Amino acid sequence: MTDWQEFVRQRLSGLALDAGEKEEILAELTAHLEESYEAFCKEGLPQREAVQRTLVQVADWQDLQREILISRRREQPMKKRLHQLWIPGFLTLMISTIFLMGLQMLGFQPSIVGNGQITVLFYAPWLASLPFVGALGAYLSVRGGGLRGTVLLASVFPVLALTAAFLLMFPIGFLIERVIGSPVDFGIVATAILRDGIGWILVPGVALSAGGFLVHLLFSRRSWSKELAIG
Amino acid sequence: MIGTGIKRGTAELAVLSVLEGGAMHGYEMARRIEQQTKGALRFTLAALYPMLYRMEQRGWIRGAWETSSNGRRKRCYRLTPAGRKKLSPLRSEWAELFRALQRLTKVSHD
């Protein structure tokens, strides 16, 4: 009778995994071969043929070993997050900020929309560039293996950073005003939140996510087509 | 008999679908798929386990050792919530593919 455990152990001796993990795999594959062999025997096949039919399941043990190693390779969660979110996100933030600063230094005047208290400033060339910046962030995230949520987060990262700055800015400003004793006009604060929220978060966010969404759509369709092509 | 390429693409869907019916170990899974597809899909050990490990790494399935009634230890796989979530879009994609192929073959026969 074939010692399947020893057989598998010999064939997969080069499986470079930690001892516990390797033992689990050997035990699992051994159990599969044993069951397969027993089923062939129950079907009435002679022992020799049952062994042969069982062995047909693995044409190349080296290849199986390589496939198992690839499938068990773990990517560090932090490293994964770095490539899928932080690097693409900070890159989009840097590019969009540098471009905006460049426009301001070159003397571009913002367009003013609205009148009275609520006037929103728009740098048209900057806004026009944001879909491309968002698309770049999304592309890098897709390349890093990011899923839809992460890809879209990477593309809108600059406005997320601005939102965080906003959320910090107002309470800090409020505290400072309390400390120095000057009264806070909540009407002005609300107007500022609305004005800056529209001009620096909402509209740029839509522009960035438009680019990110298009890239995500393009790559999800491409990867689907590729899956179909390779089957 | 379905070609090798298409089989590879349907493999994940096949595994997720059989696991939707309940936990099972690798050999049982291979048998079940073969029976339910009337032999059109056959998973050898070499094809099945690397795929199961990949799916486990992605968090779609989870394996755990269990002892069967005859005392033999087996690693049984279960569908995780993420795997269950993945199954629905996969099914839609494949249904879409088959509809597209049906339309295509109808056109070709005209």
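Predicted model: local features only at pLDDT ≥ 70, side-chain atom pairs only at ≥ 80, totals over all residues.
In what order do the strands of the open sheet in chain B lie, and is their pairing parallel or antiparallel? Before I answer, a word on what we are looking at. Residues are numbered from 1 along each chain as its sequence is written, and chains are lettered from A and ligands numbered from 1 in the order in which they are written.

To the question, then: the open sheet has three strands in the order S1-S3-S2 of chain B, with antiparallel pairing, where strands are DSSP runs of E of at least two residues and helices are runs of H or I of at least four, numbered from the N terminus, and where two strands pair if DSSP finds at least two bridges between them. Strand S1 (24-25) and strand S2 (61-67) of chain B are the edge strands, each pairing on one side only. S1(B) meets strand S3 (residues 73-79) of chain B in the antiparallel sense over two bridges, and B:Met24 has B:Tyr77 in S3(B) as its bridge partner.

Turning to chain A, we find nine helices and two strands, which follow the pattern α-α-α-α-α-β-β-α-α-α-α along the sequence. As for confidence, the mean pLDDT of chain A is 83, with 88% of its residues at 70 or more.

Terms used:
pLDDT = per-residue confidence, 0-100.
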